[in-house]
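Try each task before you read its solution.

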Amino acid sequence: MTLVYVAKDNLDEAVAKYRASGGVAEIEVNWQPFFIDPGTKSTGEDYNAYCRRRWGGDGWTSSLPGKRQGQKFTNWKTWPNTLQAVRLIHRAGEVGGWELQHKAKGVIFRMIYEDGLNVSDLSVLLQAAQELGIEGAEDYLRSDKDSDGVKRMAQQASRMGISGVPFFVVQSAQSDEDPITFSGAQPVKTFEKVFKTLTAAA
């Protein structure tokens, strides 16, 4: 999840550069559910306690891009259970299309890593919903709607052999070429190269 945050920012920068350079192809981003640790407590867990339990400490986070420079992960307090947040992101896509879903992903990341909030908490998710303009979010989140659906989508990713995220599948709607797949928090130039390759094949 942490690297997805980094990768999303790199993707956004690459899309902006593509458009600024005169790229005319429409780029649509769709996020699919994936759960790093479904066993996380439903209310979330203290960041330091979780890292000690799983890895003996949080030393591994020191190498995260942007953290050492104080640009990212500035107020990370909780390791959340993301089921409800994933449901809200899914709902955003249903009511506002891929653009609102993509925005929702960014809002959730900001809340976790920069605002020090616990997105396992209903009140926090309602703040996110208000920021995103998603009506009826409280009734939706208090229900079980789409819970099984997002879990099934996550399981489907596992059956496809995806064992970690970020994992990207990039395909041109104007070409019969096979999609380009890659994993990890790739730099901006990787996304730019993929865009150029698929645009040339279209």
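Two residues are in contact when they have heavy atoms within 4.5 Å of each other. Keep in mind throughout that this is a predicted model.

**Exercise 1. Find which residues of helix 3 and helix 6 meet, and work out how the two helices are oriented.**

Step 1: Apply the contact cut-off. From helix 3, Leu-83, Val-86, Arg-87 and His-90 meet Ser-147, Val-150, Lys-151 and Met-153 of helix 6.

Step 2: The contact of helix 3 with helix 6 has four nonpolar, two polar and two charged residues.

Step 3: Look at the geometry. Helix 3 packs on helix 6 (residues 147-159) at about 95°, and their axes are 10 Å apart.

Step 4: Name the arrangement. Angles of 65 to 115 degrees count as roughly perpendicular, so helix 3 and helix 6 are roughly perpendicular to each other.

**Exercise 2. Describe how helix 3 packs against helix 4.**

Step 1: Start with the angle. Helix 3 (residues 83-113) and helix 4 (residues 122-132) pack at about 125°, with 10 Å between their axes.

Step 2: Classify this pair. Helix 3 and helix 4 are therefore oblique to each other, and their crossing is right-handed.

Step 3: List who meets whom. The helix 3 side includes Leu-88, Leu-100, Val-107 and Met-111, while the helix 4 side includes Val-124, Leu-125, Ala-128 and Leu-132.

**Exercise 3. Which residues of helix 2 are buried, and where do they sit around its axis?**

Step 1: Pick out the buried residues. In helix 2 (residues 47-55) they are Tyr-47, Tyr-50 and Cys-51.

Step 2: Look down the helix axis. The buried residues of helix 2 fall within an arc of 95°, so they line one face of the helix.

Step 3: Check the other side of helix 2, where Arg-52 and Arg-53 are exposed.

Step 4: Find the cover. Strand 1 (45-46) and strand 2 (78-79) are among the elements that cover the buried residues of helix 2.

**Exercise 4. Is Val-188 buried or exposed, and which residues does Val-188 touch?**

Step 1: Locate Val-188, which lies in helix 7 (residues 188-201).

Step 2: Compare its relative accessible area of 12% with the cut-off, since buried means under 20%. Val-188 is therefore buried.

Step 3: Look for contacts, leaving out residues up to four places away in sequence. Val-188 touches Asn-10, Glu-13, Ala-14 and Lys-17.

Step 4: Val-188 and Lys-17 are 171 residues apart in sequence, yet their C-alpha atoms are 9.2 Å apart.

Conventions
Residues are numbered from 1 along each chain as its sequence is written. This is a predicted model: local features need pLDDT of at least 70, side-chain atom pairs count only at pLDDT 80 or more; totals for chains, interfaces and linings use all residues. Side-chain values use heavy atoms; hydrogens and water are left out. Axes are lines fitted to C-alpha atoms, for helices over the stretch in contact, and angles run from 0 to 180 degrees between N-to-C directions. Helices (H or I, at least four residues) and strands (E, at least two) are DSSP runs, numbered from the N terminus. Angles under 35 degrees count as roughly parallel, over 145 as roughly antiparallel, 65 to 115 as roughly perpendicular and the rest as oblique. A crossing is left-handed if the near helix is turned anticlockwise from the far one by less than a right angle, and right-handed if clockwise. Buried means under 20% relative accessible area, exposed over 50%, partly exposed in between (1.4 Å probe, protein chains only). The arc is that of the directions from the helix axis to the C-beta atoms. Ala, Val, Leu, Ile, Met, Phe, Trp, Tyr, Cys and Pro count as nonpolar, Asp, Glu, Lys and Arg as charged, and the others, Gly among them, as polar.
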